[in-house]
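Here's a quick briefing to read with the structure open. Take a look at the model first, then work through the notes below.

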Amino acid sequence: MKNLFLIFSSVPKIATDDYVGFTFFLGCMAMMAAAAFFFLSMNSFDKKWRTSILVSGLITFIAAVHYWYMRDYWYAHEQSPTFFRYVDWLLTVPLMCVEFYLILKVAGAKKSLMWRLIVLSVVMLVTGYLGEAVYRDQAWLWGLISGIAYFIIVYDIWFGKAKKIAEEAGGAVLSAHKTLCWFVLVGWAIYPIGYMAGTPGWYEGIFGGLAMDVVYNIGDAINKIGFGLVVYNLAVKSSANS
Ligand SMILES: *C/C=C(C)/C=C/C=C(C)/C=C/C1=C(C)CCCC1(C)C
């Protein structure tokens, strides 16, 4: 019993207007629930879709673990958990590129398409980290390089080879590809806004009032759970058809 009280007394007081802390708690629980959902539903699908659902589960599970740490870090230091944030992204964003490939693989996509997206996403994240954590005085420059990599990803999936393969496949694959493309164009565009809110630069006046971590946390919930649900939906539709 005494130990139980010790556990509770180690939880710090939480201000009711701490929106960063609030979204860390909410995000942590949402990622856990989503991971459980994807893992448990995995075996109800055709074999060819199971890996895709598994990857959705992994993305949300990896995020749940990092949110657990970020939530604690925020309460201990009241600072952005930049390190955990980028470790999380460095694992989950390439996995989202794998997800793109897995959907199109059914329609004959090659592995080179996946690797191209993975390399671009790593460039985007490493340069983002350099601007946010290491060379903050030149945050705009690193953000710009990161933004160019992001732009190439958007261009690739909207107009490049991926698009062609999706069009040839048609049906549920094409509509899932389209939805994922919108996620990358609109959902991922949330992140540069968070970046500009949290780093010094000419844009401070525009985004300065926003809390960077709240923006990132909203982006993660939309992109990781939403993205997974699109894949889930595709698996439901395709399994029912065959
Ligand atoms: C689950 C996590 C996801 C989908 C994270 C995505 C992150 C980005 C798309 C980040 C992009 C950035 C830029 C385009 C420029 C500024 C630096 C970043 C890294 C915030």
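Which residues make the nonpolar surface patch of about 1200 Å²? In this predicted model, the patch is built from Trp140, Leu141, Leu144, Ile145, Ile148, Phe151, Ile152, Tyr155, Phe159, Trp202 and Ile206.

**The nonpolar patch**
- Trp202, another patch member, sits in the loop between α9 (190-198) and α10 (204-207).
- Trp202 has 66% relative accessibility, so it counts as exposed; the cut-off for that is over 50%.

**Annotated spans**
- An unreviewed UniProt entry lists residues 20-40, 52-69, 89-107, 114-134, 140-159 and 180-198 under "transmembrane region".
- Take residues 52-69: the span is 100% helix with 0% strand, and its end C-alpha atoms are 26 Å apart.
- Residues 180-198 come out at 89% helix and 0% strand, with 27 Å between the end C-alpha atoms.

**Thr60**
- Thr60 belongs to helix α3 (residues 47-77).
- What does Thr60 touch, leaving aside neighbours within four places in sequence? Its contacts are Met31, Ala34, Ala35, Phe38, Lys224 and Ile225.

Technical notes
Residues numbered from 1 in each chain as written. Predicted model: local features only at pLDDT ≥ 70, side-chain atom pairs only at ≥ 80, totals over all residues. Heavy atoms only, no water. UniProt positions renumbered as here; feature names shortened; annotations may be inferred. Helix = DSSP H or I, 4+ residues; strand = E, 2+ residues; numbered from the N terminus. Patch = residues over 30% accessible without salt bridge, like charges linked within 9 Å, V, L, I, M, F, W, Y side chains within 5 Å. Areas by Shrake-Rupley, 256 points an atom, 1.4 Å probe, with all protein chains shown as cover. Salt bridge = Lys/Arg side-chain N within 4 Å of Asp/Glu carboxyl O. Buried < 20%, exposed > 50% of the residue type's maximum accessible area, 1.4 Å probe, protein only. Contact = heavy atoms within 4.5 Å.
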